[in-house]
Amino acid sequence: MRYKQAMATFESACPLDCPDLCSLVVEVEDGRVKRVDGGTRTPITDGFICGKVRNIAEHLYGDDRVRHPMIRVGPKDGAAVPRFRKATWDEALDLVVARLAEVRERAGGEAILPFHYGGSNGWLTEGALATRLFRRLGASRCLRTLCATPSGAAARGLYGPVPGVALEDYVHSKLIVLWGQNPSATGIHLVPIIERALAAGARLVVVDPRRTPLARRAHLHLAVRPGTDLPVALAVIRELFASGRADEAFLADHARGADELRRRAEPWTIGRAAGEAGISDLELGRFVDLYAESRPAVIRAGWGLERNRNGGSAVAAVLALPAVAGKFGERGGGFTMSNGEAGWGVGPEAAIATPEPPTRPVNMVELGAALTEATPRVEVLFVYNCNPAQTVPDQNRVLRGLARDDLFTVVHEQVFTDTCRWADVVLPATAFLEHREIRRGYGAMRLYDAPAVATPPGEARSNNQLFGALLERLGLWRDGDPMTDDELAAAIFAGPAGAALREQLDRRGVAQPPVERPRLFVDLAPATADGKVDLVPAALDAEVAGGLYHYAPDPGSERFPLALISPAIAQQISSTFGQLRKGEAAAELHPDDAAARGIAAGDPIRIWNQLGEVVCRAALSTHVRPGVVVLAKGLWRFHTRNGQAATALIPATLTDLAGGACYNDARVEVARA
Ligand SMILES: Nc1nc2c(c(=O)[nH]1)N[C@H]1C(S)=C(S)[C@@H](COP(=O)(O)OP(=O)(O)OC[C@H]3O[C@@H](n4cnc5c(=O)[nH]c(N)nc54)[C@H](O)[C@@H]3O)O[C@H]1N2
Ligand SMILES: Nc1nc2c(c(=O)[nH]1)N[C@H]1C(S)=C(S)[C@@H](COP(=O)(O)OP(=O)(O)OC[C@H]3O[C@@H](n4cnc5c(=O)[nH]c(N)nc54)[C@H](O)[C@@H]3O)O[C@H]1N2
Ligand code: SF4
Ligand SMILES: [Mo]
């Protein structure tokens, strides 16, 4: 599709993996994006957006953009500048099709592994034709566990698929608890809302091993040791019951399992939990008082607390708090985890038009093992919307897998990522302003249908163009299949719920959910079997080793005493946009930990454990609690001296629930390099 015109302005929306789902205004000249700014179609965007998307032209038109198909000509040795030659789409597709067909015929579909995660949260680029292709090929199934699986399982287990408190409603809260979330980087539109609540007299509590920008302004900051949220939340529950401040009437009417939860919280006195978390009894007691006394009180649970061995139980215990303390029923009271399940009644499944076959599941977290030792052997790895060389745990094992000469790796990408360096074929992908996208938010409760407004540079093709061509060439296209973006969109909105949304989208380009700003227990009941909150769901209890709310202690050792966490940074989305952030990465350490190791600010340091080593610069900061090292998530190879990212130190172990990633559960030692 080509657009040739002088300057024109379009409305769009941001499909990146960010809760805010901004409304955008895009100026385009002769098919090129000139300016992007915040739109006003969503109240929480309110005309402003992050720097990443304001500057997206640098990503779209920068030197790293993949403009043409490329086929490897040099060895797979991880060379700094791997050798590829430019190819035509026809040639590249022929090669990919021949390999897919040959492997499927000889070794079976399960020797093919599609691998995809967070590049786009849109239904057209994330699900749709790629999923249809790999289902019809009988490929191995990629279990999408890098993020949000334990928190999602916990939230659905307790409350069913329902949305939480709308971010706009935080202005009504008198107490806001940010638990393992750093909106100043990862969901910036919550910040002004919190500021308005603070100006109106609300109090703020932050539970985070780091003194984040909002922790610096909080009335109380619980700088917990990573992975100790479970005992902390259980101690709050225990104390609420013990001091007669649990809402027994609410629990009797609206909850199941309250007695069992109370029993499981029993061992966690304030003193014991505070000791485990490395905070003072006084601080924890103060939190209980603040929480018990304040109404409306809201807990914004983030994703930082799920990424460890106790993550699922921790999120469940945190989300149990508003039920135990009776915080529902008012605007600005309750919790927010993901707001993705806002009762839309439509989804991408209809566009896929093929049921999921019961083929081999491969947990994304375990990609390294899947590539190096699984049977049947993975022979084709097809990567899209993802940068596994940098973002998947146990980086060294992943790289050993990617280096296999007998592995055929296809990477469909916008920019030449570190994963592309290991590809046999690199295919140029469009970016969101260059293709149509449909997305619903997981923070802002909105749904957008955004048209293509810019011309893709070079020969970039969208996911649906690529996977549509593969379906066709492999003879997997069936009569009546929705194939074009228009047909796929029509399939998504085919039902009665879809018709009502379509009507809103056609009128304004954006849709609201059936209940805007829902209040749980007022406008909506939990979507559990009996409409009650299930505080100890049997299915979750059966899944967790030792039972739900079982605490696995700190895995630190004398050799590796420091906890490494790798939170998000403002300038990137995971590894996306990392190519634009020049300069060496610095790991943050508390000055006491640095002094004990003879490390000064700016020194080159080694951070290592049994899995790998990262060599970078040291930054000293009292914003990090002692015993914790912080290295940003999503680093590129060029950001560190030895090319390794935090994932080189992160074990491919799984969370207690739902097989999630333990990004914040690495233990390391640090020394001057
Ligand atoms: N700018 C930007 N925005 C993003 C992203 C990005 O990379 N950059 N990523 C997007 C994605 S994919 C996601 S999932 C979300 C994530 O958004 P957030 O929920 O904010 O996630 P993180 O940055 O991983 O971690 C949040 C906080 O948890 C803290 N933390 C680490 N371990 C623990 C722990 O054990 N307990 C507690 N209580 N806190 C802990 C960290 O110090 C950090 O401040 O943001 C999205 N938005
Ligand atoms: N150390 C550490 N690492 C982490 C985490 C952590 O806490 N610590 N957190 C993790 C989290 S929360 C997440 S969500 C994962 C995300 O990990 P990934 O899924 O690897 O996400 P990104 O790093 O954003 O890479 C997405 C890639 O998709 C490409 N892309 C975008 N749109 C499209 C498209 O339409 N088509 C195609 N073909 N490609 C596209 C982008 O250019 C980008 O290179 O990272 C995880 N990595
Ligand atoms: S990344 Fe987040 S803050 Fe930035 S434009 Fe997209 S939705 Fe908005
Ligand atoms: Mo994520």
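Q: Welcome to this predicted model! From which domains does the shell around ligand 2 draw at least three residues each?
A: Two segments, 70-147 and 344-508, make up one of the contributing domains. The other covers 562-672. At least three shell residues come from each, and the contributors are domain 1 and domain 3.

Q: Which residues come nearest to ligand 2?
A: The shell holds 30 residues in total. Within that shell, the nearest ones are G118, E413, N463, S575 and T576.

Q: How far is the polar side-chain atom of N463 from a nitrogen atom of ligand 2?
A: Let's go through the side chains that reach ligand 2. An N or O atom in the side chain of R307 is 3.5 Å from an oxygen atom of the ligand. S566 places a polar side-chain atom 2.8 Å from a nitrogen atom of ligand 2. For N463, the distance to a nitrogen atom of ligand 2 is 2.7 Å.

Q: What percentage of the area that ligand 2 exposes when taken alone does the protein bury?
A: S566 contacts a nitrogen atom of ligand 2 through a polar side-chain atom, at 2.8 Å. Taken alone, this ligand exposes 920 Å². The share of that area buried by the protein is 97%.

Q: How many polar residues are in the shell around ligand 2?
A: Split by class, this shell includes 9 nonpolar residues and 4 charged ones. The number of polar residues is 17.

Q: Which residues are closest to ligand 1?
A: Ligand 1 is surrounded by 35 residues. By class they divide into 16 nonpolar, 12 polar and 7 charged. The closest are T186, D208, R210, D229 and Q572.

Q: How many nonpolar residues does the shell around ligand 3 have?
A: The residues around ligand 3 are C14, C18, D20, L21, C22, I49, C50, V53 and H189. By class, 1 is polar and 1 is charged. The nonpolar count is 7.

Q: Which are the edge strands of the sheet formed by 6 strands?
A: This open sheet has mixed pairing and runs in the order β5-β4-β17-β16-β15-β6.

Q: Which residue is the bridge partner of V383 in β16?
A: β15 covers residues 380-384 and β16 covers residues 408-413. The two pair in the parallel sense over 5 bridges. In β16, V383 has as its bridge partner V411.

Q: Why is one side of β1 and of β3 left without a neighbour in the sheet?
A: The open sheet has the order β1-β2-β3, with antiparallel pairing. β1 (8-13) and β3 (32-38) stand at its edges, so one side of each has no neighbour, because each has a single partner strand.

Q: Over how many bridges do β1 and β2 pair?
A: β2 comprises residues 23-29, and its pairing with β1 is in the antiparallel sense. A13 has S23 as its bridge partner in β2. The pairing of β1 and β2 extends over 6 bridges.

Q: Where does P376 lie, given that the peptide bond from T375 to P376 is cis?
A: Most peptide bonds are trans. The bond from T375 to P376 is cis, with omega near -10 degrees. P376 lies in the loop between α16 (367-373) and β15.

Q: What is the phi of D394?
A: D394 lies in the loop between α17 (388-391) and α18 (395-402). Most residues other than glycine have a negative phi. D394 is not a glycine, yet its phi is positive, about 50 degrees.

Terms used
Residues numbered from 1 in each chain as written. Chains lettered and ligands numbered in written order. Predicted model: local features only at pLDDT ≥ 70, side-chain atom pairs only at ≥ 80, totals over all residues. Heavy atoms only, no water. Near = heavy atom within 4 Å. Polar contact = N/O pair within 3.5 Å; in protein donor to acceptor, adjacent residues only side chain to side chain. Areas by Shrake-Rupley, 256 points an atom, 1.4 Å probe, with all protein chains shown as cover. Nonpolar A, V, L, I, M, F, W, Y, C, P; charged D, E, K, R; others polar. Domains from an automatic or database assignment. Pairing = 2+ DSSP bridges. Helix = DSSP H or I, 4+ residues; strand = E, 2+ residues; numbered from the N terminus.
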